[in-house]
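Please read them with the coordinates open.

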2 protein chains.
Amino acid sequence: MATVVMKFGGTSVANVERIRNVARHVKREVDAGNRVAVVVSAMSGTTNQLVAWVREASMLHDAREYDAVVASGENITAGLLAIVLQSMGIPARSWQGWQIPVITDDAHGAARIVEIAGDKLRARLDGGEVAVVTGFQGLEPERNRLTTLGRGGSDTSAVALAIALKADICDIYTDVDGVYTTDPRIVPKARRLSKVSYEEMLEMASLGSKVLHARSVELAMVYKMRTRVLSSFVPPDQMPPVREGGNDDIGTTVCDEDEIVEQQIVSGIAYSKDEAKITLRKIADKPGIAAGIFGPLAEANVNVDMIVQNLASDGKHTDMTFTVLESELPRCLDVLKSAKAAIGYGEIVSSSDVVKVSVIGIGMRSHAGVAAQMFKALAAKGINILAITTSEIKISVLIDSAYSELAVRTLHSLYGLDNE
Amino acid sequence: MATVVMKFGGTSVANVERIRNVARHVKREVDAGNRVAVVVSAMSGTTNQLVAWVREASMLHDAREYDAVVASGENITAGLLAIVLQSMGIPARSWQGWQIPVITDDAHGAARIVEIAGDKLRARLDGGEVAVVTGFQGLEPERNRLTTLGRGGSDTSAVALAIALKADICDIYTDVDGVYTTDPRIVPKARRLSKVSYEEMLEMASLGSKVLHARSVELAMVYKMRTRVLSSFVPPDQMPPVREGGNDDIGTTVCDEDEIVEQQIVSGIAYSKDEAKITLRKIADKPGIAAGIFGPLAEANVNVDMIVQNLASDGKHTDMTFTVLESELPRCLDVLKSAKAAIGYGEIVSSSDVVKVSVIGIGMRSHAGVAAQMFKALAAKGINILAITTSEIKISVLIDSAYSELAVRTLHSLYGLDNE
């Protein structure tokens, strides 16, 4: 008998018919004798509607009230799924975040889970009842207010619940059947990975892959919680139920790197279009200038990613280029313009026509020359590199967005990822 | 400085623009220095959608899960109104039923409020903060589950909150500007009542007037909470703010009968089309037969209203006619058919083409002859009376629905209610 947490996202619960399909997946696990907790998102579209109403009410809104409004969507799906399960003869009850409770900090809109009281729930699961838990939400106990975890937070809810319940596996059901070497819409030869390490998945999630939310992977990595990506659209009776210890016969299992026997040097190619490039021209080439630029941005919560400082042409002035999320560009420009006198720069130039392409692989730790191969292959295709960042297991380059598909396909072939 | 509870129904908060209008009503009271708590319903249509989803999930559903789902609508409006108020510079926070908490019994779907902890809220109001409270919901503390109060429950929430806060008045904002002597769509000469007694309002609410929910009036009557019916569509700045003790310069004030100086004999004419008539033919005319019929109906929670037992024609058999809510007719017929052998009747005949017309007035207590006048006037118009029930302050007759408008107009004129 295994304990399994199953998480279903918005498209998997988009209407009652799909919720019925979700219930059949749950039934498969119950019939196999497993203890089951289910985490659900809001029906797709619901959260967007709620956010739109909040913005219509006021662009400057109290984050606590925002949370009180947008947490409503998950309550609806949790109740509906409990009802459908009961109608199939499966004992079930819905649990809202505050009822468990899922304790979070007070960072409303992007709260972090502090603790989940798993004992009460575990006892219910032992008694054969399915727990249907609202994803995305929590309770800030000091003021007794609802919190939400931010976009993609339901993945994090699921992993945290799996940890609290000491589950054998945390199964994340989505609209794709696993994690691919790259986006199959760009590279039809992309392969599904049957296993991927926590570290690699974390890089992929941070670098543009939308399959799992980065924070959930981080949590899974810290607690070594095996997490699997599966499709909810595969017929429920055509999937094997979870076995003790967690299985990996379908989907993609995110697990410890030691489990991955045939480790490739490069596991995947990620790309992100949500990038913007900013260049400050004619800044003084003197100590402290970087702090003068990036201090105000950090205070305004703008995340700066890649940074390139050109050599000073005249020994006095230089250019500084860096990237931020495209969605944060307007805020970033506001901050820089109001700090113009303090920083001292000639002009400011920005562009969103850039894309970040990344090569990710645990194998890079022990193999030299991956970066050199990459730069050479891109150069051969006439692709100009605007900026570079690296870590132990990834190399990212910023390029003109017109070349994004070409770059991804080139690198996918280069590292032998194409499906034969 | 007065303490006022303002309640806004679904049509008054149907979208963000209307919520902004509601906020302007609240601002008027805040600007006048009043302590304000606001009770809101779900946006119109939301609760119906949630109920439809629950029914699609399963016709036989766990009432606790039903409540968990349908309570969501109020959370959305409460948060949005708090945001709009804040954007107008008014300190405000939303309170969900479980946060206050609004303690109810465990009759899920039709729960009764047991207690509202008003002290914490009162302290906040004293500090100048507007409390925006979700109507319709509560918390069953034993199992820590959400409850809902049933249709029209937000009126009850508002009155209960006003009692807990010792408010000067409970203002119920609707889409009409008060309580009328009868439905103005049927009788254009209908007059708005500036005051109406609790007892009369209770009869009106029970007998078809949809302005206030009967349970809320009952509660107001028991605790003598002055309750006012107002239109939310009157421009907010064209209404006087509430004064200490509660004013009655606009709308209709539901209050103690002693306050009503010029008491009419009849205050209003109500009618209800949600009626069905059932006749059981050829039942045995013996003791215990009524219990045999109405026992099973009571067990099935079918409310029986009027009852007429004909004289036995042959000394052995008789007919029994009674009325139930039209919406309960199918269930009622199911119960009677499955109990046919036990009851012993010849045939069952039912019809929904009936209407109940009622004449209501506190003055009837001290004036004889009201009923006689009524029967005579209806007879003069050729309207046949199918059944009669009376109380100290009302007379109801069941008639063929084709005559409903004629009957209402005739009685409205008869008792001098027409506007000159």
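1. Which residues are buried in helix α13 (residues 404–414) of chain A? They are A:Ala407, A:Val408, A:Leu411 and A:His412, where a residue is called buried if 20 or more other C-beta atoms lie within 10 Å of its own, exposed if 12 or fewer, and partly exposed in between, with C-beta atoms placed from the backbone. Seen down the axis of α13(A), these buried residues fall within an arc of 130°, so they line one face of the helix; the arc is that of the directions from the helix axis to the C-beta atoms. Their cover includes β15 (268–272), β20 (354–360), α12 (370–380) and β22 (394–400) of chain A. After α13(A) comes A:Gly416, with a positive phi near 70°.

2. On the basis of these comments: this is a predicted model, in which local features need pLDDT of at least 70 and side-chain atom pairs count only at pLDDT 80 or more, while totals for chains, interfaces and linings use all residues. Residues are numbered from 1 along each chain as its sequence is written, and chains are lettered from A and ligands numbered from 1 in the order in which they are written.

3. Chain A as a whole. Its secondary structure comes to 13 helices and 22 strands, with helices (H or I, at least four residues) and strands (E, at least two) taken as DSSP runs and numbered from the N terminus. A compact globule of 420 residues would have a radius of gyration near 22 Å, and the 23 Å of chain A agrees with this; the radius is taken over C-alpha atoms, and the globule rule is 2.2 Å times the number of residues to the power 0.38. Along the principal axes, the C-alpha atoms of chain A fill a box of roughly 80 × 55 × 30 Å, and 49% of the 420 residues count as buried.

4. The two domains. Chain A is divided into domain 1 (3–256) and domain 2 (263–420), with bounds that come from an automatic or database domain assignment, and the C-alpha centres of the two domains of chain A lie 32 Å apart. Their contact takes 17 residues from domain 1 of chain A and 21 residues from domain 2 of chain A, two residues being in contact if their C-beta atoms, placed from the backbone, lie within 7 Å. On the side of domain 1 of chain A that touches domain 2 of chain A, β12 (195–197) and α7 (198–206) of chain A each supply at least two residues, and α7(A) gives the most, with four residues.

5. The contact between the chains. Chain B and chain A contribute 29 residues each. On the side of chain B that touches chain A, α1 (16–31), α2 (46–57), α3 (63–70) and α4 (72–87) of chain B each supply at least two residues, and α4(B) gives the most, with 11 residues. By class, this side of chain B has 15 nonpolar, 11 polar and three charged residues; Ala, Val, Leu, Ile, Met, Phe, Trp, Tyr, Cys and Pro count as nonpolar, Asp, Glu, Lys and Arg as charged, and the others, Gly among them, as polar.

6. The same surface serves both copies, since 100% of the contact residues of chain B recur in chain A.

7. Backbone details to check. Most residues other than glycine have a negative phi, and most peptide bonds are trans. A cis peptide bond joins A:Ile100 and A:Pro101, with omega about -15°, and A:Pro101 lies in the loop between β3 (92–95) and β4 (102–104) of chain A. A cis peptide bond also joins B:Ile100 and B:Pro101, with omega about -15°. A:Lys166 has a positive phi near 50° and counts as exposed, with 11 C-beta neighbours inside 10 Å.
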